[in-house]
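My notes follow the model itself.

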Amino acid sequence: MRIVQQRLLRGANLYSRTTCIVAVIESTQPDAGAQLAYTALYLQQACGEPVEFTHAEPAAQPHGGQSQGGAPAQWRVVVQYALEHLGQAALAAAAELISATERGETPDVAAAVSSLRALAAGMQLPLAASAIARAAAAMGIPVQRISEHGGLIRLGWGKRQWRYVDHAGDDNRLLSNTLLHDRQMMRSLLIEAQLQVPAEDFHAPQRQPGERLRVQVMDGVAQHPDADAADVSERAAATLGLAHAQVDLLPGRRGYKVDAVLGAVPPSHEQRMLQRQLHADTAQARIPVIGVTGTNGKTTTTLMIAHAVKLAGYRTGCASTQGIALDGRLYADGDCTGYWSHRSVLSSPQTEFAVLETARGGLLKRGLAYDRCSVGVMLNVSDDHLGLDGVETVEQLARVKSLVVAAAATAVLNADDAHCVAARARLAPGARAMYFSMKPDNPVLVAHLEQGGDAVWLESDTIMLSQRQVRQRVIKAAHIPATCGGLARYNIANSMAAVAALAACSFSVAQIAAGLSSFESDASTNPLRSNVFELGPMRIVLDYAHNPAAYAALATLARGLAQGQGQSKATGWDAGRVLAVVTSPGDRRDADLARTGATCAAHFDQLFVYESQGRGRAAGASAELIAAGARSVGGGVEVATFTGADVAVQAAYRACRPGDVLVFACGTEVATLIEAIRVIDASAAEKLAQQV
């Protein structure tokens with residue numbers, strides 16, 4: 001038996017609402033997965049841990065293949081844990097015990113249990129901290145242990161959180177004084193806040209060489225001309241609950257590292273009042289949280305909502321594929337749609353309101369970062385990422401995404417999507433549903449309204465809201481810049497989802513309309529999301545579309561632009577063609593790549609298919625599968641394949657005529673488009689760069 005892969009699911013997940021460890025194993029033995037799951041569970045129970053859940057299933061091979069005769073079969077094993085390190089150790093011990101049996105040896109179960117008990121004993125919370133954690137959890141307050149190697153716990157989120165550790169004594173609710181005198185706890189919190197710290201041995205701290213930068217923070221603001229140093233210092237001080245501090249920074253390859261934080265904290269007796277305050281108002285430990293999920297449109301919808309919340313005066317923490325931002329200021333870039341990014345937002349004492357894009361990958365790899373949210377938004381579900389991480393069907397994918405709405409007090413659901421409608425059955429007891437639809441006569445929406453439910457819909461190109469049976473006009477769809485004058489129908493749907501989420505959080509119609517009408521979605525503020533560039537009589541649309549549903553939606557915008565509709569100025573040319581540069585990642589199944597090609601052939605006039613991310617496939621294989629799917633449709637659509645995005649873009653650009661629209665999809669950077677065109681048309685590239 002061999003453990004091929006393992007992950008810790010730290011929140012609600014595809015298999016359970018509890019924390020679990022999921023592993024992929026290889027074994028030639030029948031029922032090996034079930035044996036391993038049961039044994040790992042038993043070993044934890046023998047240590048006194050209250051764990052009950054297990055699951056085992058055959059694991060599919062990459063790209064839909066199966067293990068060949070004689071080769072070890074793969075199993076996916078899921079086991080509940082209470083302590084992470086103990087769960088991992090129990091899984092490893094269980095695998096070794098079973099392997100010993102397979103070798104004909106006598107497994108030493110007693111020795112394994114004894115070793116695991118010693119490990120568990122060293123990680124138990126002190127009695128007082130354990131009692132506090134149990135009492136808070138019973139009141140419905142989020143409880144999080146910062147590290148299993150210490151007794152520091154967090155009760156609640158964001159600005160309303162409390163921290164607790166047994167030996168704190170008199171201190172404030174964030175334990176600022178205690179943290180200033182405990183370097184290990186301080187470092188744990190700084191790392192959680194996505195701040196870099198120098199590596200060191202906790203028991204023998206070594207000051208790092210290099211030029212030290214000392215920054216003063218006064219009233220929460222760093223007194224330093226270097227913007228990066230100021231930002232890091234402000235966040236370090238705020239993480240520790242300090243308005244005034246001295247922060248020592250060390251230079252690093254990826255930015256400044258926080259080496260030390262010094263300060264003086266006024267005496268406080270807040271810790272003495274912790275239990276009394278929590279009992280007085282359990283909700284005070286929570287901040288408003290909006291979670292956004294779906295196959296397409298998550299990033300745009302998340303940024304729309306966060307913009308409106310910030311405009312209304314809340315200090316807004318936002319995690320999306322653009323990165324992590326506080327009040328619109330980015331402090332971590334890249335894809336930040338999973339557990340650790342969400343935890344960074346929720347753990348920050350600066351966050352008053354959290355808006356969290358929640359992607360499939362994050363849910364499958366680490367689980368949900370929050371036990372519940374104020375509003376969960378489920379935009380749509382279509383076939384993407386199937387055949388990965390145990391998700392083989394769209395129905396299973398919908399189950400994964402429904403974790404967000406299942407944890408919500410109010411679920412915003414797309415009435416035009418059957419999978420979203422079905423997710424209503426998974427809502428928590430007492431949770432409310434709020435539908436949105438592009439069709440005023442949608443039967444699900446109409447029935448919901450007749451029953452007194454809340455909803456948002458499009459009527460005569462105006463977004464309407466019904467809440468508590470009061471109907472109001474919110475905004476004309478064409479007045480929302482992200483809709484490109486109403487042509488980007490998918491962004492009208494995203495806007496309606498944002499309206500519903502904001503209304504569910506008690507924002508007024510005026511606040512919602514102000515947020516949507518001032519949200520800019522261009523190559524600067526929302527790159528790769530329907531960015532439209534003007535190049536004289538032709539236009540280029542840049543978008544991250546990479547699955548059939550996204551390509552079909554993008555084609556609607558491009559076709560409208562080619563026909564002279566929307567915000568673009570009249571050119572005097574006849575309606576143009578739509579030429580598309582397309583691809584999809586290679587970890588999709590063969591049939592999914594072929595379907596992507598067929599969809600593109602049905603919606604675009606000429607296709608330029610390029611190879612992007614092979615992800616285990618031979619070079620060019622993904623592009624050929626997409627192209628084959630496109631050719632299978634018939635209809636005479638010209639299809640060509642290319643080894644990379646740059647040559648595909650150049651070929652498409654050369655083929656364009658006045659009035660045409662060029663779509664470049666699934667790119668990873670705006671610069672890829674600009675630099676590809678610069679090689680053949682420097683002046684056009686410069687015009688594109690000026691529009692970023």
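**Sheets, then a bridge, then cavities**

I began with the sheets and found four strands forming an open sheet in the order S1-S2-S4-S3, with antiparallel pairing. Strand S1 (2-9) and strand S3 (54-58) are the edges, as each pairs on one side only. From one strand to the next, the twist averages 15 degrees. My terms here: helices (H or I, at least four residues) and strands (E, at least two) are DSSP runs numbered from the N terminus, and two strands pair if DSSP finds at least two bridges between them.

A note on the source: this is a predicted model, in which local features need pLDDT of at least 70, side-chain atom pairs count only at pLDDT 80 or more, and totals for chains, interfaces and linings use all residues. Residues are numbered from 1 along each chain as its sequence is written, and side-chain values use heavy atoms, leaving out hydrogens and water.

I looked up the pairing of S3 with strand S4 (residues 73-80): it is antiparallel, over five bridges. Pro-58 stands opposite Trp-75 in S4.

Next I checked what packs on this sheet. Helix H1 (residues 32-45) touches strand S2 (20-27), S3 and S4, and its direction makes about 25 degrees with that of S4. Helix H2 (residues 84-102) lies across S1 and S2, at about 160 degrees to S1. Contact means heavy atoms within 4.5 Å; axes are lines fitted to C-alpha atoms, for helices over the stretch in contact, with angles from 0 to 180 degrees between N-to-C directions.

I then turned to salt bridges (a side-chain nitrogen of Lys or Arg within 4 Å of a carboxyl oxygen of Asp or Glu). The structure holds 25 of them. I picked Arg-183 with Asp-259, whose closest N and O atoms are 3.3 Å apart. Arg-183 lies in helix H6 (residues 183-192) and Asp-259 in strand S11 (residues 257-262), so the pair ties together parts 76 residues apart in sequence.

Last came the cavities, sets of points on a 1 Å grid over the protein atoms alone where a 1.4 Å probe fits but cannot get out. Lining residues have an atom within 4 Å of a point; for the largest cavity they include Arg-235, Thr-239, Ala-325 and Leu-326. Helix H7 (227-239) and strand S14 (323-326) each supply at least two residues of that lining.

How values were computed. On a 1 Å grid over the protein atoms alone, a cavity is a set of points where a 1.4 Å probe fits but cannot get out, and a pocket is an open set with protein on both sides within 12 Å along at least five of seven lines; lining residues have an atom within 4 Å of a point.
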